[in-house]
Structures are given as structure tokens and as C-alpha cells.
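Please consult the sequence and structure below while reading.

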Amino acid sequence: MAEEKFAVTRATFDEVILPVFAPAQFVPVKGKGSRVWDQQGQEYIDFSGGIAVTALGHCHPALVEALKKQGETLWHTSNVFTNEPALRLASKLIAATFAERVFFANSGAEANEAAFKLARYYAAKRHSPYKSKIIAFHNAFHGRTLFTVTVGGQPKYSDGFGPKPADIVHVPFNDLAAVKAVIDDHTCAIVVEPIQGEGGVVPATPEFMQGLRQLCDEHQALLVLDEVQSGMGRSGKLFAYEHYDVKPDILTSAKALGGGFPVSVMMTTQEIASVMSPGVHGTTYGGNPLACAVAEAALDIINTEEVLLGVETRRAQFVAALEALDAKRDLFSEIRGKGLLIGAALKPQHAGKARDILNAAAAEGVMILNAGTDVLRFAPSLVIEPADIEEGMARFTRALDNVPGLSGAFS
Ligand SMILES: *Cc1c(COP(=O)(O)O)cnc(C)c1O
């Protein structure tokens with residue numbers, strides 16, 4: 001069979017992939033650190049981090065080494081047999097957090113699915129089968145399974161797929177009074193992102209987070225934190241809940257956990273975990289040795305002062321550059337987020353232009369993200385070189401000149 005017959009380009013995407021994504025016009029083929037190259041050899045600076053996934057950049061030597069070593073040792077055991085990398089990773093996560101028991105899965109959605117099922121199951125076992133209400137928030141994002149899109153507060157993702165799981169209510173984020181109005185003794189859980197990621201890079205306020213903890217305690221409900229995006233050093237702490245002086249009952253993480261290798265985790269306490277028994281929940285690949293070996297290597301590097309403190313200095317560099325840009329061009333109504341999850345909200349007169357700005361940035365050789373139509377999102381490697389931030393921001397500045405309707409505003 002001639003290989004040319006299977007030569008692939010961006011156009012191939014439109015012929016062979018389910019049309020649920022609209023990827024950029026170039027096809028990345030290689031990455032190193034915070035630089036990426038496409039099929040034509042064009043080089044990009046990566047401020048997108050694979051949507052907050054490649055937290056140590058591309059092809060970090062320690063992660064490559066862990067993958068190679070495990071790849072030559074043992075790939076898969078199934079859940080009929082346990083394995084050393086999973087046991088080591090679990091032990092290290094427990095040592096670093098509130099948690100006493102963990103469950104591994106492969107994606108953020110699966111970790112959340114496990115979390116929501118556990119919250120319901122725990123309430124049914126310990127309290128009553130009628131204690132099933134889940135309180136969640138508008139603009140939240142928890143994944144794409146039917147349960148997780150339903151808990152996520154965005155009808156555009158959850159409508160059109162038939163009947164949804166019941167007994168889920170949504171109220172505005174950062175609005176404690178709204179939660180008070182709907183919480184009752186039939187509530188099994190409040191589910192919240194400490195920093196709403198897809199919903200526009202909006203951090204919870206300390207009063208909100210602490211208020212949720214208190215309401216959960218008053219109603220014997222579980223506080224479930226979705227740290228799929230905010231976890232693993234992204235916020236400048238290993239997990240974002242550490243900023244709030246609040247302890248969760250269940251926490252999920254994924255994205256940066258494997259630094260690009262698919263793996264996710266649900267963490268909880270011994271008391272909550274104790275309602276589960278063999279067969280109640282499961283997964284074929286969760287806790288796979290390859291995934292856990294890479295995640296262990298990532299955790300060893302991320303959970304150090306050097307990396308976590310470095311997140312704050314890098315954030316400062318990004319924010320200073322964005323503020324300088326804003327001072328010249330009057331672009332942003334707010335620069336927000338925590339650590340290296342940075343949102344720059346466009347002023348009302350530039351609303352809807354996030355996608356155009358992304359495309360212009362790519363054309364100048366810098367990859368950035370949006371969060372909705374009005375917010376630019378930066379989620380780079382936690383160890384991005386300061387020189388790469390500088391060069392990337394210079395490219396980004398040039399790119400703004402090429403955005404239709406944007407350049408005229410300040411010239
Ligand atoms: C990305 C994300 C998810 C979904 O993770 P997948 O790996 O795509 O299933 C869930 N919650 C949050 C907060 C996310 O950012």
C-alpha cells in the first residue's frame with residue numbers, strides 16, 4: 001500500500017474526524033519545552049499548554065524517561081491485578097493532600113463521573129436514598145458524559161441528548177445566597193470548580209468557598225471540588241483548594257496530572273470511601289502502569305517549591321505584559337485567574353473577538369486559548385522559560401494589529 005495515499009494534512013481532518021471540533025489550520029508535529037513545530041516547519045510558542053495539560057512543557061526529559069522505562073517493563077495489568085506505579089502515585093497524592101483514598105481513571109469526565117456517583121452512593125448508604133440533590137453552578141464545566149454535562153451548567157453542551165440525570169440544580173457562581181436558597185437536607189453534594197476554567201477563568205471568592213464548606217456541613221452534604229483544570233500546580237499551589245483554607249470531601253484532577261499522558265484521579269477520605277465495595281464502580285484502563293508512571297514523574301517535579309514558586313513569578317511576568325498591552329490599547333476589562341491560569345476579559349467593544357485573536361496569534365507563531373467568546377486564556381507550561389514568555393508576548397502584540405476591527409480602535 002502506497003504511503004502517499006495516507007499522507008495527512010489539516011484537510012484530512014474534515015474528511016475523517018467526527019465534526020465536533022474546529023482545530024486550528026496548522027498541524028503540530030513536534031514539541032520541545034514551550035516550542036511547537038507544524039508540518040511546514042513553522043515554529044510556535046505555546047501559551048495554551050494543550051489546555052492546561054502539558055504542565056511541564058512538551059517532551060520533558062523526566063516524563064519521556066519514565067514512559068520509556070515503564071514501556072519496556074509492564075504496560076497493563078487490568079484491575080484484576082494491581083501495579084507498583086499506581087500504588088506509588090496514590091501514596092504520593094495522599095501524602096500531599098487531604099485525601100486518604102484515590103481512584104484512578106483516564107479523563108476529567110470519568111473522574112467527575114466517579115465523584116458524582118460516589119456522592120450519591122454515600123448519601124444513599126449513610127443517610128437516605130432520597131438525599132440525591134446535586135447543587136452546581138452556571139457556566140461550570142465538568143466533562144462530556146451525560147451525567148457530567150448535566151452537572152455542568154451549560155445547556156449548549158447538555159441539550160439534545162434525551163432525558164438527563166435528575167435532581168441537579170444550578171445557581172450563579174460566587175453567589176452564596178443563591179446556594180442557601182436551594183440547599184436542604186436532601187442535598188448530597190455541592191460540585192464546584194475553585195477556578196471556573198471553561199466558564200471564563202473566574203476564581204471563587206474566599207467567602208464563597210468557605211460558605212459552601214459551612215453549608216455542606218450544616219446539611220451533611222459533600223463538597224466536591226473539580227480541580228481537573230486548576231489542580232497540579234496550575235494555581236501556584238499543588239491544588240487550588242489550598243488557597244481557600246477549605247478542605248474538600250472529594251476532589252478530582254486530570255489535565256496536568258499526566259503532563260499529556262491521559263490519566264485522572266478522584267480523591268476522597270477513608271470515611272467516604274468506606275461505603276464502596278468491589279464491583280460498585282470500575283474502569284479497565286484507570287490506574288494503568290504507563291499512565292501512573294508518567295504522572296508520578298510529573299508529580300515529583302511539580303510538587304516542589306522551585307516549580308510552585310516559579311508559577312507566581314511567571315504569572316507576574318504575564319500579567320505585567322498584558323497590563324502594558326492594555327495600557328496602550330485599552331483591550332481588557334479584567335485580567336484574572338490564579339497562577340498560570342490567566343484570563344484576559346475583552347472590553348465590551350471587543351466582545352466576541354476571542355477566536356479572531358487566537359487565529360491572528362497562531363499566524364504570528366503563538367498559541368493561546370479562549371474561554372468563551374470574550375475571554376483570552378493563557379495556560380502555559382509551569383516551567384516556561386521567561387525568554388519564551390517575552391518572545392511570545394511580542395508575537396501576540398504584533399498579532400493584535402492583524403485582528404479585523406481591533407487595530408482601528410487605538411491607532
Ligand atoms: C477539561 C475539564 C473537564 C473534562 O476533562 P476531560 O479530560 O476532557 O474529560 C472537567 N472539568 C474541568 C474543570 C475541566 O477543565
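In this predicted model, R213 is buried, with a relative accessible area of 14%. Its side chain meets that of D217 in a salt bridge, and D217 is partly exposed at 49%. Both residues lie in helix α9 (residues 206-218), 4 residues apart, about one turn of the helix. Elsewhere, salt bridges with shared partners join R35, E43, D388, E391 and R395 into one network.

The structure holds 18 salt bridges.

| Salt bridge | N to O distance |
|---|---|
| R213 and D217 | 2.8 Å |
| K92 and E296 | 2.8 Å |
| D159 and K164 | 2.6 Å |

The pair of K92 and E296 forms a salt bridge. K92 belongs to helix α4 (residues 84-96) and E296 to helix α11 (residues 289-302), so this pair ties together parts that are 204 residues apart in sequence. K92 is partly exposed at 29% relative accessibility, whereas E296 is buried at 9%. In the D159 and K164 pair, D159 is partly exposed at 44% and K164 is partly exposed at 36%.

The shell around the ligand divides into 3 nonpolar, 6 polar and 3 charged residues. Helix α5 (residues 108-126) gives the most to this shell, with 3 residues. A polar side-chain atom of D226 lies 2.7 Å from a ligand nitrogen, and a polar backbone atom of F141 is 3.2 Å from a nitrogen atom of the ligand. For Q229, a polar side-chain atom lies 2.7 Å from a ligand oxygen. Taken alone, the ligand exposes 390 Å², of which the protein buries 81%.

Conventions:
Residues numbered from 1 in each chain as written. Predicted model: local features only at pLDDT ≥ 70, side-chain atom pairs only at ≥ 80, totals over all residues. Heavy atoms only, no water. Polar contact = N/O pair within 3.5 Å; in protein donor to acceptor, adjacent residues only side chain to side chain. Areas by Shrake-Rupley, 256 points an atom, 1.4 Å probe, with all protein chains shown as cover. Helix = DSSP H or I, 4+ residues; strand = E, 2+ residues; numbered from the N terminus. Nonpolar A, V, L, I, M, F, W, Y, C, P; charged D, E, K, R; others polar. Salt bridge = Lys/Arg side-chain N within 4 Å of Asp/Glu carboxyl O. Buried < 20%, exposed > 50% of the residue type's maximum accessible area, 1.4 Å probe, protein only.
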